[in-house]
Every structure is written in structure tokens, then in C-alpha cells.
Amino acid sequence: MKAVVFQKPNDVRVETVDDPELEQLDDIIRKVTSTAICGSDLHIHNGFIPKIKPMVIGHEFVGVVVEVGAGVKEFRPGDRVVVPFPIACGGYFFCNHDLPDHCENSNENCGPEGGLAKEKGGALFGYTDLYGGYSGGQSEYVRVPYANFSPRKVPDRFTDEQVLFLTDIFPTGFSGVEWAGVKGGETVAVFGCGPVGLMAQRYAWVRGAGKVIGLDREPYRLKMARRSAGSEVINVKETDAVEAIRSMTDGHSADVCIDAVGMEVDRSLLQKAANITHAEAGSISVMRNAFSAVRRGGTVSILGVDGMPDDNFPIGQIFDKGLTLRCGQAPVHCYIDELMTWLDQETIVLDDIITQRLPLADAPQSYEMFNNKEDGCVKVVLNRDGDDSQSHSTR
Ligand code: NAD
Ligand code: ZN
């Protein structure tokens, strides 16, 4: 089959690799009909998440079941399914405590013994050996483990694109707002107007936020935040983010700040030098702004991925302000069923952030475009070559 293979930083290729096979009784093999590139894939692409061996990447995908293991109860060949990006077994402590992203069964690197690798969470599709080493779904076929727990059937009335973002970015944006316990009337400031930040902004309104502020350094993304999420926006390249948030809230500061940027922010030469001497990658400068721009007693939700330790972490400020911090991979399994019903009720629309639809063969150029923020790119969907994703729905 054809698949997107990460070779080394800045080198992603479409190659012919072995077809996946059933390995466990509860596996399914799925033909992938639509897949997307996530900001998290960029961290691998740009060398911020260590990856030594080439691997098939991608963790947002929709497709059709083609083979089922003997132990699979609910699915048959021909069923269309969508699968959360964390790989979770559904059977032990963490899955039973609404923490499927910490499944102790899916990732042999997960566990309490300590050490960098051992403290990783459960497995993720296509996300390096640290997260289980499972092949991802930017490919023609993918093996989906734990098929009695993870996949959800997609009703015929939905197109691939309508449900694709239930795999990751919508439940992720949703988590950032849920974790902050938004009840109504709050000011929610979201750093980052990429796909995850946009989803957080949209959901903040659904939860009744009184004001939603989107921050980014790319004018076209700010434009999308204003247009498609109805947010007030701040260009962090032109304005001091913390001062701007304070003045937009009459000095009160935001009740909730969400970091939807992660470790790949612009770094000064000094920061880069510090990274080298401290064996760190990236920067927590957005997080620092969030700690400053949130009010006392407020919540900062960290959705952006951070992979390394950071010295001088501002614990004194967090303590003085009495902040609540929430972070981590989104527990998609906990939310996906409810969110699917929201699509039916048209409480949310997710596919209108797609700016490019390209064949899987164009993955290398698509990575460059998304990474470099070219051609107005916000979200790229890769379709199986020669297929039209919309044909997978009766709608
Ligand atoms: P993205 O790269 O498209 O979005 C990041 C945005 O941040 C970009 O628009 C960029 O211009 C902006 N940005 C950069 N520096 C900034 C700054 N200093 N201030 C404000 N904005 C700045 O990626 P995405 O797909 O939206 O993902 C965002 C983050 O969320 C990534 O780190 C990704 O790995 C992470 N993520 C986490 C989860 C989870 O479960 N926690 C799931 C999906 C993605
Ligand atoms: Zn992702």
C-alpha cells in the first residue's frame, strides 16, 4: 500500500510499504478514505519529538472496515468508522477512569517506573516509538487495535469530512474548555488560531463564554478566527498579548487561558542557546503568557504539546495566583459519542475549516504548506488517490 512515511526531520515521503495485517483477535483493518495532517504531526516532522526509525504517521482518519479479527463483536467489512487518536484497550484502571489517553495496556513505554520513555502515556496512532510505535493512518490501510472499544460507526448521512475532526481536534479544543469548567459569561483567551485553537474558541461559545479572544501571529488565521469562530483577535506580533488581554477585560484578565500552540513558538537566539545547554526543545513562552494573562484563581488549559522539561518554570507565579493547570492528550473516547450527536443537531460544524483537499500522494508538499503557513492553509485533508471523500456518504 501507499503510506506517508516519516524518514527524518523535514523528510516525509509517500512510499510503498507492507499492507497491515490482523495481529490480535480484536483488531480490524481499515481502508482509509480521508485523513488529515495535525499540528502534532508537525512536531515529528520538525524533529521536536525524537524518532529514529522511519514510520507511517498520521492519527486523524476515517475509513471503511475491510477485515475483522475473530474477536471483534460489532463491526463487519463495509462499516464506515471513525477512531479516536489515542489507542486504548478499554479494560483496565485508566480506561475505566475516563483516562483512555493513559491506557496502561497499549504502550509498553507507559508505566510508573520513571524515566523519560517510561513516563509517556498510552499509545497514539503514528506517533513514534515513545507512544507505542503503531503505524498511523496517513496511508491506504491501517490496523486498528482494540476494535471492541475504540472505533465508532459513522452513520451514512455524514460525509467523511463532517466526522473526521471527531478523531482529534474537536475533542481536543473541547477538552481545553471542559477542563476549565466554563459555565457561562467567562472570558476565554485562546493562544493559537490553528485547527485546535479554532475548535476551542468555537466550543467556548457553545459553553456560554461571554467573550472569546483568539491570539496568533498569522493574520490569515486571525481572520479565520474572527470569521468562523466569532472571536475578538490579537496579533501577537504587533501587540503585547498580556497587556492586550488585560485592556480588553477592563484590567480583570481572562478567566481562562488555553495554550493551543505548543512548544514550537518563535525562539530568540538566547532561548535557542538555553535549549542546547539545558537539553530542552522548543519554548514555553506561550504558556508563560497564559499564566500572566489569566486572572487570579483562573485556569490555564495546555493543549499544545510540550515534550521536554523546562527550567525556570514559573511555579511561584502559579502559586501566588492560585491557578489551576490542566493539560495532556485529549481523552477523545470520553466525548466522541456525545459530539457525534451534536453534528446531527447542528450544534457544531467542523469541516468548514478545511482549506485544502489533496491526494495522499501530495503529502510531502502538504506538510510543507501546513508547516510554513502557505496558501492560506489551516487544515489539509488528504484523500485516497482517485477517491472523492464525499462519495462515502449518501448525503
Ligand atoms: P498549528 O501548528 O496549526 O497551530 C498552532 C498555531 O499557533 C499557529 O496558527 C501558529 O501561527 C500559532 N502560534 C505560534 N506562535 C504563537 C504565539 N507566540 N502566540 C500565539 N499563537 C502562536 O497546530 P494545531 O493543529 O492547531 O495544534 C496546536 C497544538 O495542539 C500543537 O502543539 C499540537 O501538537 C497540539 N495538539 C494537542 C492535542 C492534545 O490532545 N492535547 C491534540 C491535537 C493537537
Ligand atoms: Zn493531533
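**View 1. Thr128 and its backbone in the predicted model.** Thr128 sits in the loop that runs between strand E8 (123–124) and strand E9 (141–144). Its phi is positive, about 70 degrees, although Thr128 is not a glycine. The residue is buried, with a relative accessible area of 0%.

**View 2. The zinc ion (ligand 2) and its protein donors.** Three residues supply them: Cys38 through SG, His59 through NE2 and Asp168 through OD. These donors lie 1.8 to 2.2 Å from the zinc ion. Along the chain they follow the spacing C-x20-H-x108-D. Cys38 belongs to the loop between strand E3 (28–36) and helix H1 (39–45), and Asp168 to the loop between helix H3 (160–164) and helix H4 (169–179), so the pair ties together parts 130 residues apart in sequence. Both Cys38 and Asp168 are buried. For Cys38 the relative accessible area is 3%.

View 3. The cysteine sulfur closest to that of Cys95 belongs to Cys103. The two sulfurs are 4.0 Å apart, too far for a bond, because a disulfide requires cysteine sulfur atoms within 2.5 Å. Cys95 is buried, at 10% relative accessibility. The disulfide count for the model is zero.

Conventions
Residues are numbered from 1 along each chain as its sequence is written. Chains are lettered from A and ligands numbered from 1 in the order in which they are written. This is a predicted model: local features need pLDDT of at least 70, side-chain atom pairs count only at pLDDT 80 or more; totals for chains, interfaces and linings use all residues. Side-chain values use heavy atoms; hydrogens and water are left out. Helices (H or I, at least four residues) and strands (E, at least two) are DSSP runs, numbered from the N terminus. Buried means under 20% relative accessible area, exposed over 50%, partly exposed in between (1.4 Å probe, protein chains only). Donors are N, O and S atoms within 2.8 Å of the metal (3.2 Å for Na, K and Ca); water is not among the atoms, so sites may look incomplete.
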